[in-house]
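Here's a quick briefing to read with the model open in your viewer.

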Amino acid sequence: MKRKPNFFKKNERPDFHSMLLKQCEYTSKSISLLLNFMNQPDDQLADSIEQCEKKADKVRRSLIDYVENSFITPLDRHDLFAVSRSIDDMTDKVKDLKDFLVFFSYTPFEKHVEMARCIASSILAITSAMESWNDNCDVFWENLVKAKKNENQVKRLYWEIIAELDKQTLPLKEIIIMREFSKDLNCLANKIGRAADSISDLKIKSIK
């Protein structure tokens, strides 16, 4: 079986933590851009979200190349893949939400914006947790707890939107679109919760 090419220089030891952090930073930037896009749709903002997703994919590919071509990794390969994938799932979902808004020319309701703000806060908390990985364990765990709490807040807002659907005077098609967008936002919040869990597991396994 042909060995995949190693994209790293000889004796270079890539820092998996820096690559995971970079993925988080691109996700944070993506959700910030999406919030702006929800308030004021703009082609340039849409393109910036696309670019963030592509850059995040490039970082993920670098991490995969590192793990696959390293004889020894600082942590279990499966765990590194799982965390990277969970972060990538968040970035992909942000792009999907942007695509949804563009495809349906949908204008979000205020509660959708509130959900997105909670989501942005959660992603920022996860990014802050990764930033404090090597420095402050208390800050690391506090940020992961915050990310999980925000997940519950998004779920509550989602339930409120569903409960109020029968009060809407919109055409049926628009109600369906509204429900689907709400569900996708809640899905992103769930992905954030899973990412927080996988990062938490990785941290515990890294403690010696």
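Let's start with Ala 116, which counts as buried because its relative accessibility is 0%, under the 20% cut-off. Keep in mind that this is a predicted model.

**Around Ala 116**

- Ala 116 sits in helix α4.
- Setting aside neighbours within four places in sequence, you'll find Ala 116 in contact with Ile 31, Leu 35 and Met 38.
- Ala 116 and Leu 185 are 69 residues apart in sequence, yet their C-alpha atoms are 7.1 Å apart in space.

**The nonpolar core**

- The largest nonpolar core has 63 residues, and Ile 119 and Ile 126 are the ones with the most contacts inside it.
- As background, nonpolar side chains tend to be buried together in soluble globular proteins.
- What does Ile 119 touch, not counting residues up to four places away in sequence? The list is Ile 31, Val 154, Leu 185, Leu 188, Ala 189 and Ile 192.
- Ile 31 turns up in the contacts of Ala 116 and in those of Ile 119.

**Helix pair α1 and α2**

- Helix α1 covers residues 16–39 and helix α2 covers residues 43–69; their axes come within 9 Å and cross at roughly 165°.
- That angle makes α1 roughly antiparallel to α2, because anything over 145 degrees counts that way.
- The α1 and α2 crossing is left-handed.
- Sorted by class, the contact of α1 with α2 has 15 nonpolar, five polar and five charged residues.

**Helix pair α5 and α6**

- For α5 and α6, the axes come within 9 Å and the crossing is at roughly 160°.
- So α5 is roughly antiparallel to α6.
- This crossing of α5 and α6 is left-handed.
- By class, the contact of α5 with α6 has 14 nonpolar, five polar and seven charged residues.

**Met 130**

- Met 130 is also placed in helix α4, and at 0% relative accessibility it counts as buried.
- Leaving out neighbours within four places in sequence, Met 130 is in contact with His 17, Leu 20, Leu 21, Cys 24 and Ile 199.
- Met 130 and Lys 111 are 19 residues apart along the chain, with 29 Å between their C-alpha atoms.

**Asp 79**

- Asp 79 is in helix α3.
- Is Asp 79 buried or exposed? Its relative accessibility is 13%, so Asp 79 counts as buried.
- Asp 79 touches Leu 202 and Lys 205, if you ignore residues up to four places away in sequence.
- Asp 79 and Asp 201 are 122 residues apart along the chain, but their C-alpha atoms are separated by 8.2 Å.

**Ser 105**

- Ser 105 lies in the loop between α3 and α4.
- At 64% relative accessibility, Ser 105 counts as exposed, since the cut-off is over 50%.
- Check the backbone here: Ser 105 has a positive phi of about 50° although it is not a glycine.
- For context, most residues other than glycine have a negative phi.

Terms used: Residues numbered from 1 in each chain as written. Predicted model: local features only at pLDDT ≥ 70, side-chain atom pairs only at ≥ 80, totals over all residues. Heavy atoms only, no water. Axes fitted to C-alpha atoms, helices over the stretch in contact; angles between N-to-C directions. Helix = DSSP H or I, 4+ residues; strand = E, 2+ residues; numbered from the N terminus. Parallel < 35°, antiparallel > 145°, perpendicular 65-115°, else oblique. Left-handed = near helix turned anticlockwise from the far one by under 90°. Nonpolar A, V, L, I, M, F, W, Y, C, P; charged D, E, K, R; others polar. Core = buried A, V, L, I, M, F, W, Y, C linked by side-chain atoms within 4.5 Å. Buried < 20%, exposed > 50% of the residue type's maximum accessible area, 1.4 Å probe, protein only. Contact = heavy atoms within 4.5 Å.
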